[in-house]
Amino acid sequence: MRNIVRLSCFVLVISGCVSKPNKFSDPNLLKIADFQDRRITDSLIHFLLDPTVIYRIEAAIALGSVQDSSASLQLGTMLLEDPIVEARSAAAFALGQTRGTAAVNALIPAIEDRENRVVREALISLGKTISNYDLTILKRFNAKDSITQQGLAWGFYYLGLRGMADSTIVKKAKEFLSQKYSIQTRLGAAHFFSRATKLPILVEAEELIFASLKDPSAYVRMAATSGLRKVD
């Protein structure tokens, strides 16, 4: 369900940044939707090379639904080389949905992208894809603004779902519960504690308790309260 919500939000963000025709009036957008429905990866990959940016974006989002790893190399090239921010962000999203070694190999250098929106998507996708071998990269990442902090918090959330959160990540997630961070960052951290598996025993949980009682957002309070069941 959360993946569906994030996909919907992602598409809304993209649609607000890039002018695009009505899908029902553009034959190429109809083709992309049809290829997605029929899971025709090769034809979608062809659109990743199209000079029209909205076709590249829509094809990348479609490949995120198809989740065929044979598209990872071309999506990785798009992520690292496309001149359009929204296209790189769409490729990062798709690689997170596709997963695999090729996806991770493209996402790791993408966290150095000059645009923080691309970095946010790359961090979230790394939470879905990264292996224990490379986990230090996320643990050491210094998120310097609210956009990348949001990405790191949700990256930790997906690591937690995969049972990969250690004490270092728990400590950083606790920090993200502070009200000095944006609501999306706090929400990601609260859901981390609510949904993560195989967490180290939470003995000191002052930040989680405070968030469950005092956070201005009801959504953060609810998620934090759910996380309290894991406190020893």
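Predicted model: local features only at pLDDT ≥ 70, side-chain atom pairs only at ≥ 80, totals over all residues.

Residues are numbered from 1 along each chain as its sequence is written, and side-chain values use heavy atoms, with hydrogens and water left out.

Let's start with helix 5, residues 72-81. Helices here are DSSP runs (H or I, at least four residues), numbered from the N terminus. Its buried residues are Ser72, Leu75, Gly76, Met78 and Leu79; buried means under 20% relative accessible area and exposed over 50%, using a 1.4 Å probe and protein chains only.

What do the buried residues of helix 5 pack against? The partners are helix 3 (41-48), helix 4 (53-66), helix 6 (85-98), helix 7 (101-110) and helix 8 (116-129), with contact meaning heavy atoms within 4.5 Å. Take Leu79: leaving out residues up to four places away in sequence, Leu79 touches Arg88, Leu95, Leu107 and Val118, among others.

Leu79 also turns up in the largest nonpolar core, which has 74 residues. Such a core is a set of buried Ala, Val, Leu, Ile, Met, Phe, Trp, Tyr and Cys residues joined through side-chain atoms within 4.5 Å. Leu75, Leu79, Phe192 and Phe193 touch the most other members.

Now for the rings. Rings of Phe, Tyr and Trp (its six-membered ring) pair if their centres lie within 6.5 Å; planes under 30 degrees apart count as stacked, over 60 as edge-to-face and the rest as tilted.

| Pair | Centre to centre | Angle between planes | Type |
|---|---|---|---|
| Tyr157 and Tyr158 | 5.0 Å | 75° | edge-to-face |
| Phe192 and Phe193 | 5.0 Å | 85° | edge-to-face |

Tyr157 and Tyr158 are both buried. Phe192 counts as buried at 0% relative accessibility, and Phe193 does too, at 1%. Elsewhere, Phe35, Phe47 and Tyr55 form one aromatic cluster.

Finally, His191 belongs to helix 12 (residues 183-195) and counts as buried at 16% relative accessibility.

Key:
Helix = DSSP H or I, 4+ residues; strand = E, 2+ residues; numbered from the N terminus.
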